[in-house]
Amino acid sequence: LLEFSGDDDFYNGGSFYTNSTDLGRLCSISFQVDVYCPPRKRTRISAPFHFGEAEVEQNKQPSIDVLPDECLVEIFKRISGGKERSSCACVSKHWLMLLTSIRKGEYESSKVVKENVGSNSGDVEMILSEEDDGYLTRCLEGKKATDMRLAAVAVGTSGHGGLGKLSIRGSSSSRGVTNFGLSAVARGCPSLKVLSLWNVPRVGDEGLCEIAKECHLLEKLDLCQCPHLSNKGLIAIAANCPNLTALSIQSCPKIGNEGLQAIGKLCSKLQSISIKDCPLVGDHGVSSLLSSASSVLSKVKLQGLSITDFSLAVIGHYGKSVTNLMLSGLQNVSEKGFWVMGNAQGLQKLVSFTIASCWGVTDVSLEAIGKGCANLKQMCLRRCCFVSGDGLVAFAKSAGSLECLQLEECNRVTQSGVIGVLSNCGLKSLTLVKCMGIKDISLEAPLSSSCNSLKSLSIRNCPGFGTASLAMVGRLCPQLQHVDLSGLCGITDAGLLPLLENCEAGLVKVNLSGCLNLTDEVVLHLTKLHGATLELLNLNGCRRITDASLAAVAENCVFLSDLDVSRCAITDVGIAALSHAEQLNLQVLSFSGCSGVSNKSMTFLKKLGKTLVGLNLQHCNSISTQTIELLVESLWRCNILF
């Protein structure tokens, strides 16, 4: 950098620089400059060299970051498209945060531009605007649910059709979603129509209020386990989202009557409401949702609330548009409440009704419900311990339109009650699950009438339902097509054969899983009588079923597509018989837990695999890993479980 020349006299005078400031500059860069001074030579500078501020400034690179945030925001507002904004958001977190602070309508490209375009017919006014109809769906779960990801979603979706549905399920308590992330979505995604928040403990009213302020098109809101959301956020939604049609609130301890009253008053399009385990919700909140003159509520679910008979009276009187109703865990509602609801005659459009764990449901109140709901088609009773067989028969007689009846853990219902229901109404489907009061008793009196309308019969895990009961049902219901008897350990071939022989329409789906005492004789009769119509057969756990049953299936079944013989006494011989069936086109086949199936079946499985889309070989210990790998390679269209 410096050249030195001159005579041999050593310069021992003062400083080169008379100004101490210049000397300091020289010292400050001494680590960058090498100076050579020959002995006894006077040094002089042959070229001018200035250590000044301008030289130091040359080393600094120009940066847009020197601009204040206000200027950057104004620049970002003028970026034309969503792709360019996404590129800017990738520069740094700081830029991403600035972009999320800009509302969708503040971008220049979002403003409507009018251009007059000349044409042969005259001037045509063209309106250009950025497309934002809410086509996109995003779901963030667990550790992926953070404010940064929400901010990226808000910026990234704005130029690609707009975000229409957002679901956040689970969030970290330390770095999960907060009000900031929800506010970013609100500002960047005004097209949002569906919002679901599950288990987000750090989101409060501030974030929900921002959603209400910006997302006026919101139609569906689902809040679950949000401990910091209160009536304030719900009131904001009611005031700013007039298009709300569905609201679900679960385990939100700070939401109560005040928020629901605002929803009932301001959201005239609300069609579906679901409230579960909210301790502050009482009669005033529920009644305000239904008593509004403009109420069009069609689906109502109330679970685990501290409401009383008053709410049920309001539902019975004002629920003129309700088609689906579910009441569960209402411990403060008595028999009077259900009786009044039925006698109010307001539930004329009710089609589906589910009652679970409500002590107020008795024989008297159930009959009143049947009389007051003229169009009721589906009824489900779960853990209603005061409903007996006589009450069930009275309900079936009064509910003239009833088609489907489901009873779960109703332990006072007896065999005579079930037979009485089948004899006195036009049911199409009957389901009994874990009804311990049913005892297998042979009735000496002849059955008065048959139930020709019943197409589907499902009796699961009812240990008292045995051979005698099954034989009576078989004589009563000759038009059965779907039969599910899973878990009935007590039935035998003698009880099931009469039912198979009396089914005139032809069985389509048969589930006998867990019926330990059934043998090949049942399968032989089943395939001979109904092989032309049978499409599904489940024999999972029927340990007395052998290869003879598979041979009968291969010979007689034409349309069978789903066969499950898991944990049966099946060997390679049975699989070989299946593979030789010419008319069989199985799609789903399960041999799980069949230790008799070995590597010898690989050729037969390959042949069956031409039509299979699902094959279950789990716990088949006699099949080697190498054979499984060859099958996976060969049957590449089939989903194989092993």
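Phe353 has Met379 as its bridge partner in strand 12. Strand 12 (residues 378-382) runs parallel to strand 11, and five bridges join the two; strands count as paired if DSSP finds at least two bridges between them. The chain gets from strand 11 to strand 12 through helix 14 (residues 363-372), in a right-handed β-α-β crossover. Right-handed here means that, with the strands pointing away from the viewer, the path from the first strand over the helix to the second runs clockwise. Please keep in mind that this is a predicted model, in which local features need pLDDT of at least 70, side-chain atom pairs count only at pLDDT 80 or more, and totals for chains, interfaces and linings use all residues. Residues are numbered from 1 along each chain as its sequence is written, and side-chain values use heavy atoms, leaving out hydrogens and water.

- Helices (H or I, at least four residues) and strands (E, at least two) are DSSP runs, numbered from the N terminus.
- Strand 11 (residues 352-356) is largely enclosed by the rest of the structure, because five of its five residues are buried; buried means under 20% relative accessible area, exposed over 50%, and partly exposed in between (1.4 Å probe, protein chains only).
- Ser352, Thr354 and Ala356 point one way from the strand, while Phe353 and Ile355 point the other way.
- Strand 10 (residues 324-328) also pairs with strand 11, in the parallel sense and over five bridges.
- Within that topic, look for Leu327, whose bridge partner in strand 11 is Ile355.
- Strand 10, helix 13 (residues 335-343) and strand 11 form a right-handed β-α-β unit.

**Helices 9 and 10**

- Helix 9 (residues 231-240) has these buried residues: Asn231, Gly233, Leu234, Ala236, Ile237 and Ala238.
- The buried residues of helix 9 pack against helix 8 (205-214), strand 6 (220-224), strand 7 (246-250) and helix 10, where contact means heavy atoms within 4.5 Å.
- Ala262 sits in helix 10 (residues 257-266) and counts as buried because its relative accessibility is 12%.
- Leaving aside residues up to four places away in sequence, Ala262 touches Ile235, Ala238 and Cys267.
- Ala262 and Leu289 are 27 residues apart along the chain, and their C-alpha atoms are separated by 8.8 Å.

**Ile75 in helix 3**

- Ile75 belongs to helix 3 (residues 69-77).
- Why does Ile75 count as partly exposed? Its relative accessibility is 38%.
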